[in-house]
Amino acid sequence: MAVLVGRRALWQAFHGHAATVSCSRRQVFSAQVWSSSRLNGQAAVTRQYSADSKDDLRVRYLDGEDAGIVVVGINRPKAKNAISKNLVKMMFEAVEDIKKNNKVRSVILCSLVPGVFCAGADLKERAKMHQSEVGPFVAKARALITELGNLPIPTIAAIDGAALGGGLEMALACDIRIASNTAKMGLVETKLAIIPGAGGTQRLPRVIGVSLAKELIFAARVVDGTEACRLALVSHSVEQNKSGDAAYLRAMELAREINPQGPIAIRMAKLAINQGIEVDLLTGLAIEEACYAQVIPTKDRLEGLAAFKEKRCPHYKGE
């Protein structure tokens, strides 16, 4: 029996309602806040990171067959997921937790609010700031997005709605971006007589090229998911479904592809690519050699060889 895994199931999973949907190996787990619950013998944990506006961010550490996948869900429906002081604080804490957890193998950044990924800075909050507060707040948001980009494991942005300004900058810090065809993306700061201040002027040219990045930023242009894929702003554009979570479902599929691979190897591959792309080829090759040297003494490498010889699936432990 075919079952649709939709936005409602995702919302229920983050809000403690029992929701188990099976589509081959696909499952959505549920849990009460600060606790773990069992569903068909599998558990998941929801963690919250602030007593103030505690629902602004929901972080899910999946278990069972999806152990190692962390889903970070932004949840500010009244503010279209705009980036506030509290959200920045909560995301900092979440990123720090993920960074310290060597069992995490991939992270999905998504929205729990239908039709929007993140609308950028919270302009209502910004309007109440004194001029002297704006610079430090933008610096903190920039530092957060840098920390997100520096996570040692793969990060996937699932863009099922509008990702504008700081919202797109957040997605640009992720390793892979997946968007629905109806999602809207753009660095629109010049409309407000400012510029992207959380990495957009640096990351967008590195992703789509200097000339196109200038065009999009100068014109404050907004593109849909189909056009974003053509520009290589996103890796995949998927047709939006009735539940409004097509990008999230595709991101889960990709995370499940990554999950069985050697975790230390993936971390070293990410490090080699990220550092190597910023230097000349010869230096990059030296970085690759140094990263390769880190995987040679691992138990996982020996497990990979043994599994190949015995014609079975390897079981990597990150050792």
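Is D160 buried or exposed? D160 is buried, at a relative accessible area of 8%, where buried means under 20%, exposed over 50% and partly exposed in between, with a 1.4 Å probe and protein chains only.

## The model and its ground rules

This is a predicted model, in which local features need pLDDT of at least 70 and side-chain atom pairs count only at pLDDT 80 or more, while totals for chains, interfaces and linings use all residues. Residues are numbered from 1 along each chain as its sequence is written, and side-chain values use heavy atoms, with hydrogens and water left out.

The protein chain holds 12 helices and 12 strands; these are DSSP runs numbered from the N terminus, helices being H or I of at least four residues and strands E of at least two. Of its 319 residues, 50% count as buried. Take the contacts (heavy atoms within 4.5 Å) between residues at least 6 apart in sequence: 61% of them join residues at least 24 apart.

## Around D160

Back to the opening residue. D160 sits in the loop between β7 (155-159) and β8 (162-164). A polar atom of the D160 side chain lies 2.9 Å from the backbone nitrogen of A247, and the D160 side chain also reaches the backbone nitrogen of Y248 at 3.1 Å. For reference, a polar contact is a pair of N or O atoms within 3.5 Å; within protein, one must be able to donate a hydrogen and the other to accept it, and residues adjacent in sequence count only if both atoms are side-chain atoms.

## Nonpolar cores

A nonpolar core is a set of buried Ala, Val, Leu, Ile, Met, Phe, Trp, Tyr and Cys residues joined through side-chain atoms within 4.5 Å. The largest one here has 51 residues, and those with the most contacts inside it are L57, I98, L109, I159, M185, L204 and L233. Helix α2 supplies the largest share of this core, seven residues. There is also a second, separate core of 19 residues, which includes I178, V238, A246 and A251.

L109 is a handy place to start browsing. Setting aside its neighbours within four places in sequence, L109 is in contact with V72, I74, M91, F117, L148, I156, A157, A158, M170 and C174.

## A nonpolar cavity

On a 1 Å grid over the protein atoms alone, a cavity is a set of points where a 1.4 Å probe fits but cannot get out, a pocket is an open set with protein on both sides within 12 Å along at least five of seven lines, and lining residues have an atom within 4 Å of a point. Grid points are joined across faces, edges and corners, and a volume is the space filled by probe spheres set on the points.

The whole structure has three cavities of 30 Å³ or more.

The largest pocket holds about 700 Å³. Its lining has 22 residues, with G149, D175, N274, I277 and E278 nearest the centre. Helices α4 (131-149), α6 (200-208) and α10 (263-276) each supply at least two lining residues, and α10 gives the most, with six. The class count is 10 nonpolar, five polar and seven charged residues.

The second largest pocket has a volume of about 510 Å³. It is lined by 26 residues, and A119, G120, A121, D122 and L123 are the closest to its centre. The elements giving two or more residues are α3 (123-128), α4 and α5 (166-172), and the largest share, four residues, comes from α4. This lining has 16 nonpolar, four polar and six charged residues.

## Two alanines with positive phi

A220, in the loop between α7 (210-219) and β11 (223-224), has a positive phi near 55 degrees although it is not a glycine. A220 is buried, at a relative accessible area of 4%.

A232 also has a positive phi, about 70 degrees, and lies in the loop between α8 (225-230) and β12 (236-238). A232 is partly exposed, with a relative accessible area of 42%.

Terms used. Nonpolar A, V, L, I, M, F, W, Y, C, P; charged D, E, K, R; others polar.
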